[in-house]
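Here is a short briefing on one protein model. Keep the sequence and the 3D view open as you read.

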Amino acid sequence: MTQRAARSGPAGLASRVGSVLRRAWQRVLHLWRASLGFRVVIVTMLLGILVLTAVGTYLYGSIAQGLVDSRQRIASEDSLRDATDAQGQFDSTDQTDTQAKLTQFATTLIKSYRRDAGNETRYVVLTRFDDNTSPFIVGPIESGSVGVRFIPDELRKQVAAQPDRQHLQVATIDEGGDSISAVIVGQKVELPVAGFYGLYFIYPMDREREIISFIGQTFLFGGAALILLIGAIAFVVTRLVADPVRRAAAVAERFAEGNLNERMRAKGEDDLARLGTSFNGMAASIQQQIAQLENLSRVQQRFVSDVSHELRTPLTTIRMAGDLIHDSRGDFEPTVARSAELLRGELDRFESLLSDLLEISRFDAGAAVLEVEASDLRACVERAVDAHRTLAARKGTQLVVNAPSSPVVADMDSRRIERILRNLVANAIEHGEGKPVEVTIGSNDSAVAVTVRDHGVGLRPGEAALVFTRFWRADPARARTTGGTGLGLAIALEDARLHAGRLEAWGARGEGSCFRLTLPRRADATITSSPLPLSPLAAEAARLRASGDDPSSGSSGSSGSSGPADDDTLRLRRIVVERSP
């Protein structure tokens, strides 16, 4: 009960409101990113609000100032007329015998000038000047609740200093418990025997305030309606432009998915019609070129496949004759015997090239099929290494296998994986310059991996992305002793892709090269990360950090990098080698 009450209390309500607001804000952000029409409408409305605010503020201020100026002008004329009349009344009165009679006359006269009917209100105040020395003292006299206390001292000083002029000032008064602006007009009058007094007419601007308030409300509601109207217009106009663009995007997406017969509807002669016509022309041209390329590719694949098959029969005959000649080379002269050996070697290479061409044609035709079963990767590595021990001994290369003691099982086609590994080991031996070749096996929860590392000439910058290109060689002039066809790595890459795996290369001049094969543990799984680093320098730096000695101080190669190491990485390599026992 306590937890339920806590969840239903103010904190729980605030949490729910915050969650709702976050979801609403995320939806608005999604609409902003995903909808062109929404962005156009919002931007148009914001600009409209800015423009209308600026124009409305200017007009509102101009109207308000106009009303105040008009009120001041009317008040000045009205008060001048009544002040003149009051002066005439004071000049013609005979109630000057005593101070009481004069005060009574002045009070009656001042109250007669007050207005309290209709839409106009006016208060009148008569007050003595400070420098008046007459013994007769009248007032101050007020015609209502708004009296002498609301007359600014500055205005009173101006009237006393310049009695021959009419003075006007806008001030704030309290009327009926409400503060309101008022126009106060002051002018000098002379009372018989009492001397000079200030006569002040106070005009509250109730009507002007009501008018300004009404105008402000009108501007506010009218501006809101206008903003909504602008938004609706922007929405309609945007739809007129955005809908054809959306249809064009949908057609382009279907075209990109392979529906090459998709076309846009082009009607009229406007810009969108010209866009549709241009798109249709481009689509037709691309479709024609793709058809030509597909036809050329089919012809090329068929040619390679047919030539490879057709060469099988004469090659078999030549192989039989070559074997017979090679077996009888002991009866020949030395030069002829050497020719027989060369003939057999080139026949072996020619037969290997035909096999690779047939395999490539199967990949191109999509006819390659996997025979997947759960196998131990260590066994494939061992067979691939054993197949090249003779070549390694002839080159003076030591083959080092780093394998875990437990099985490294994955779903794979053992024949194809072994072919990949044989190719990688053979290349490492050939380009290793007689230095050790390291084969390392690793695994994690999602993948298994093998790296083949040599310490030979390495790769130049940018060559790591080219080694899997068909018939590409890092150095075409290099003397080859293993009879490679130039298709081995290309076939290895296709075999890795069939397994939904990765085959990557890393190399640096003078540092050697490293090839990494990564395979998913299960045929239907996805590789999240490789258990082995691609860059050997990154692995060495990791080992140093694990042992508590990090000479690189943050400059190690990335495990996923396929490019050459930079100067800092090479320096790390040299430090690691120097620290090695």
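Predicted model: local features only at pLDDT ≥ 70, side-chain atom pairs only at ≥ 80, totals over all residues.

Residues are numbered from 1 along each chain as its sequence is written, and side-chain values use heavy atoms, with hydrogens and water left out.

**Salt bridges**

- Side chains of opposite charge can pair when their charged atoms come close.
- A salt bridge here is a side-chain nitrogen of Lys or Arg within 4 Å of a carboxyl oxygen of Asp or Glu. The count by this rule is 18 salt bridges.
- One of them joins Asp82 to Arg115, with 3.5 Å from N to O. Asp82 sits in helix H3 (residues 36-92), while Arg115 sits in the loop between helix H4 (99-112) and strand S1 (123-128), so this pair ties together parts that are 33 residues apart in sequence.
- Helices (H or I, at least four residues) and strands (E, at least two) are DSSP runs, numbered from the N terminus.
- Asp82 also forms a salt bridge with Arg122, at 2.5 Å from N to O. This pair links distant parts of the chain, 40 residues apart: Arg122 is in the loop between H4 and S1, and Asp82 is in helix H3.
- Asp78, Arg81, Asp82, Arg115 and Arg122 are linked in a network of salt bridges.
- Another salt bridge pairs Arg389 with Asp386, at 2.9 Å from N to O.

**Buried or partly exposed?**

- Buried means under 20% relative accessible area, exposed means over 50%, and partly exposed lies in between (1.4 Å probe, protein chains only).
- Asp82 has a relative accessible area of 9%, so Asp82 is buried. Arg122 is buried too, because its relative accessibility is 1%.
- Arg115 has a relative accessible area of 24%, so Arg115 is partly exposed.
- Arg389 is partly exposed at 37%. Asp386 is also partly exposed, at 40%.

**Cysteines**

- A disulfide is a covalent bond between the sulfur atoms of two cysteines.
- The rule used here asks for a pair of cysteine sulfur atoms within 2.5 Å. By this rule the count is 0 disulfides.
- Cys380 is buried, because its relative accessibility is 0%. Cys514 is buried as well, at 3%.

- Thr518 lies in strand S12 (residues 512-520). With a relative accessible area of 0%, Thr518 is buried.
- Contact means heavy atoms within 4.5 Å. Leaving aside neighbours within four places in sequence, Thr518 is in contact with residues including Ala447, Val448, Arg502, Ile527 and Pro531.

- Leu532 is in the loop between S12 and helix H13 (536-546). Leu532 counts as buried, at 13% relative accessibility.
- Leu532 and Asn444 are 88 residues apart in sequence, yet 9.2 Å apart in space, C-alpha to C-alpha.
- Leaving aside neighbours within four places in sequence, Leu532 is in contact with residues including Thr440, Ile441, Ala449 and Arg516.
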